[in-house]
Amino acid sequence: MEGHGFYKLPTGTEYRGALWDGMFHGEGELFFPNGIRYRALWDRGIPTQGKFVFADGLEYEEKNWHYCDGYDRRFYTEICSGFKPPGIPQLTNLDPPKTIPEGCYDCGDGFYNPETRVVVDYKFTFLRNADDDEHEWITRTCRKAGGGRAEHKPKP
């Protein structure tokens, strides 16, 4: 594979850009199934410069990154559109947030069912089985069905 092309990986991630000797080489972009993009300059399959662009348009900058840095805890949508009136909370970057199925948690890339220990994306496509550490983290920290967050139990 050489020249400008398109390559789809088994994970659903797509590459569009320059290829050389079967490798990403030159300018190219990865498109992830969750809407994230990674634009990069590649050298024989290795990115030498690059930038992540999240599905909501937020661009990650390795230097001078100030988003959710401890001083400013606003969601990106709040930075772009401003705060809601007092008394109307914004619980996620998505507004309104996705409705969590009964008995499940929103773990950031999809929903987690603690009974089956399965994570599905927001379209209910299987993503992975959660191991013990992920199960403990999700049930301790993530927003759960019923309009709240987990109990914020301290890590044992």
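This is a predicted model: local features need pLDDT of at least 70, side-chain atom pairs count only at pLDDT 80 or more; totals for chains, interfaces and linings use all residues.
Visitor: What makes the contact between E29 and R37 a salt bridge?

Guide: The closest N and O atoms of E29 and R37 are 2.8 Å apart. The cut-off is within 4 Å, for a side-chain nitrogen of Lys or Arg and a carboxyl oxygen of Asp or Glu, so the pair counts.

Visitor: How do you know whether R37 is buried, exposed or partly exposed?

Guide: The relative accessibility of R37 is 25%.

Visitor: What makes E14 and K8 a salt bridge?

Guide: The N to O value for E14 and K8 is 4.0 Å. The rule asks for within 4 Å, and the pair is therefore listed as a salt bridge.

Visitor: Why do E14 and K8 get the labels they have?

Guide: E14 has a relative accessible area of 16%, under 20%, so E14 is buried. K8 stands at 51%, over 50%, so K8 is exposed.

Visitor: What is said of R128 and D109?

Guide: The side chains of R128 and D109 meet in a salt bridge at 2.8 Å, N to O. This pair links distant parts of the chain, 19 residues apart: R128 is in strand β9, and D109 is in the loop between β6 and β7. R128, at 25%, and D109, at 31%, both fall between the two cut-offs, so each is partly exposed.

Visitor: How many salt bridges does the rule give?

Guide: The count comes to ten.

Note on methods:
Residues are numbered from 1 along each chain as its sequence is written. Side-chain values use heavy atoms; hydrogens and water are left out. Buried means under 20% relative accessible area, exposed over 50%, partly exposed in between (1.4 Å probe, protein chains only). Helices (H or I, at least four residues) and strands (E, at least two) are DSSP runs, numbered from the N terminus.
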